[in-house]
Amino acid sequence: MPLPSSLIRQVLATCLGAAVSLGAIAAPRTVCTITVNSPDERESFRRHLPAGDYRFVELVERGRPDWLASACQQKVQCDALIISGHFDGGTEFYTDRHDNSEYLSVEEMERASCSDSCPGVFSQLKEVYLFGCNTLKTEARQTVTEDIVRGLLRSGHTAADASRVASLLGDQHAESNRDRMRAIFKDVPVVYGFSSLAPLGRTAGPLLDKYFQSATVPEIGSGQVSTKLMAAFSNTALTVTPGLSEAESKATLRRDACQFVDDRLSPAQKVAFMHQVLKRDMAEVRMLLGHLERFAASLGPAQRIAGTTATAFETIAGDHGTRGRFLESARDADEASVRTRMMALARNVGWLTPAQEQAEFMRTIADQIARGRVGRDEVDLACGRGRLDGQDPALHTLAAGVLKTGKVAQVAAMACLGSPEAHARVVRAVTSAHADDIAIAQAYLRHRPLADAGEVRSVASAIAKMPASDAQVRAIETLAQQRVSDPESLRAIAALFPLAKSVQVQRAIAGVLIRSDYRVLGQADLARTLKQHRLKSPDGGDVIDALLRVLQAG
């Protein structure tokens with residue numbers, strides 16, 4: 001019996017709708033990959049995902065530094081994103097391979113995410129896979145310090161309220177790796193990463209193979225957390241989180257951070273926003289210091305003198321009330337590095353002249369000396385500042401007082417700033433009987449190496465006269481970092497090898513020689529001395545063996 005025409009039309013319509021629906025479902029998902037280091041993870045996904053259901057797009061273009069911008073301009077629509085690279089420092093994905101030099105900075109990712117200039121790569125994502133150490137580490141990158149609490153009290157908060165606000169600030173501005181990745185991949189349902197060490201590619205690849213073999217139906221790009229993937233990586237630090245949502249309190253911080261990097265805003269608009277931030281409670285300004293510094297440093301001279309941008313900077317420079325509060329907060333900072341950073345920002349926005357900033361730096365060092373807070377960090381800070389021109393009366397006055405105390409860390413800070421008397425005192429500290437003094441001298445000499453052969457010989461001679469001790473080992477290791485080339489000094493150090501009473505001293509001596517031009521000592525004679533007088537190693541091969549191999553190979 002023939003079917004009614006109305007029923008035939010209904011069946012055809014249903015079939016057509018089903019076909020359209022199936023076509024939509026069958027549209028291949030796009031897996032974007034950013035392969036900075038190991039390709040093992042990417043290749044495992046490729047091997048196991050059906051070619052008809054998934055297409056792969058590698059975003060890295062070898063030899064092209066702006067490859068991320070290129071990918072954004074091509075409007076690639078990504079359903080899943082796989083990033084492979086080392087990430088230990090938390091600022092960029094990088095490689096340890098010698099055949100390429102690719103990297104991906106977190107700052108560049110933040111700019112692309114905030115500017116909405118990369119809608120395909122970032123905004124359509126269902127899943128992100130971050131194959132790198134510490135990518136979702138929860139440890140706070142900055143914390144609220146006591147001086148920030150003091151600032152809250154000074155601005156009128158009660159003790160209880162200051163404690164509450166400090167706690168909120170600490171949570172809001174912790175900026176852990178996990179926080180930054182959640183902000184970059186805002187609203188992405190699933191972000192996988194590692195809370196500590198991640199397996200290398202050669203290990204992660206087989207683990208992914210294990211996962212795909214257990215998952216009969218591919219889950220990639222579904223936007224759902226895979227329990228089977230988590231199980232396959234159960235012996236690692238793999239963890240998972242959703243991207244930041246607009247409803248969360250930390251979305252406010254993301255909006256602030258985005259104002260500094262959003263390419264849709266003009267430099268003048270960003271400078272005006274910086275001014276708004278600087279007028280906030282100084283406790284919050286302190287927590288946003290990194291963002292303020294990076295933005296201020298990103299503006300080149302040409303941008304600064306552009307009409308509207310120059311006007312915006314002039315407005316900041318003329319805000320004497322905010323300037324006063326900012327400088328007061330900076331001078332109250334407990335950490336010399338924070339105080340110095342704030343003064344540098346003050347100069348950058350027009351609140352201090354270079355001479356005034358220099359005076360503030362000298363005051364910072366003087367305050368740290370008065371408080372007895374000078375250590376290796378302060379030495380690094382002073383050396384990073386560079387030598388002064390020698391005409392600053394404050395330097396002469398401060399150095400004269402410090403040289404009387406005999407505290408090596410304080411003397412080293414003065415040496416960094418250009419005091420020749422302090423430099424000579426630190427050089428003598430290399431052969432001190434106190435390991436802490438030698439450690440300070442070692443830190444100083446990384447910035448200010450021994451000046452000439454005379455200094456090297458003086459140190460080598462003094463080391464030869466030291467009694468066998470841990471201090472002597474440290475002194476020799478300090479000399480090794482100088483990469484000695486003076487033959488007389490090398491002979492003095494090599495002569496200690498047969499006399500050494502401990503394998504630690506002999507190893508330290510070998511450390512000097514292997515970094516030097518040992519040929520001046522006669523390779524055959526030196527090798528013979530090492531073999532004849534070396535003490536038995538309690539834990540296998542060491543630098544002495546390495547030196548012997550080099551000598552014999554030559």
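Two strands pair if DSSP finds at least two bridges between them. Strands here are DSSP runs of E with at least two residues, helices are runs of H or I with at least four, and both are numbered from the N terminus. This is a predicted model, where local features need pLDDT of at least 70, side-chain atom pairs count only at pLDDT 80 or more, and totals for chains, interfaces and linings use all residues. Residues are numbered from 1 along each chain as its sequence is written, and side-chain values use heavy atoms, with hydrogens and water left out.

View A. Follow the order S2-S1-S3-S6-S7-S8 and you've traced an open sheet of 6 strands with mixed pairing. At the edges sit S2 (54-58) and S8 (238-241), each pairing on one side only. From one strand to the next, the twist averages 15°. Helix H2 (residues 40-48) packs on this sheet and touches S1 (29-35), S2, S3 and S6, where contact means heavy atoms within 4.5 Å. The direction of H2 makes about 160° with that of S2; angles run from 0 to 180 degrees between N-to-C directions, and axes are lines fitted to C-alpha atoms, for helices over the stretch in contact.

**View B. Strands S3 and S6 side by side.** S3 (residues 80-84) and S6 (residues 127-131) run parallel and are joined by 5 bridges. Look for Ala80, which stands opposite Glu127 in S6.

**View C. Helices H6 and H7.** The axes of H6 (residues 146-154) and H7 (residues 159-172) come within 9 Å and cross at roughly 135°. That makes H6 oblique to H7 (under 35 degrees counts as roughly parallel, over 145 as roughly antiparallel, 65 to 115 as roughly perpendicular, and the rest as oblique). H6 passes H7 in a right-handed crossing; that word applies if the near helix is turned clockwise from the far one by less than a right angle, and left-handed if anticlockwise. From H6 come Val149, Leu152 and Leu153, and they meet Ala159, Ala162, Val165 and Ala166 of H7. The contact has 7 nonpolar residues, no polar and no charged. Here Ala, Val, Leu, Ile, Met, Phe, Trp, Tyr, Cys and Pro count as nonpolar, Asp, Glu, Lys and Arg as charged, and the others, Gly among them, as polar.

View D. Arg150 forms a salt bridge with Asp332, their closest N and O atoms being 3.2 Å apart. The structure holds 40 salt bridges, each a side-chain nitrogen of Lys or Arg within 4 Å of a carboxyl oxygen of Asp or Glu.

**View E. Helices H14 and H18.** H14 (residues 289-298) and H18 have axes that come within 10 Å and cross at roughly 40°, which makes H14 oblique to H18. This crossing is left-handed. Among the contact residues are Leu289 and Glu293 of H14 and Arg341 and Leu345 of H18. By class, the contact has 7 nonpolar, 2 polar and 2 charged residues.

**View F. Helices H29 and H30.** H29 (residues 523-533) packs against H30 (residues 543-553) at an angle of about 150°, with axes 9 Å apart. Their crossing is left-handed.
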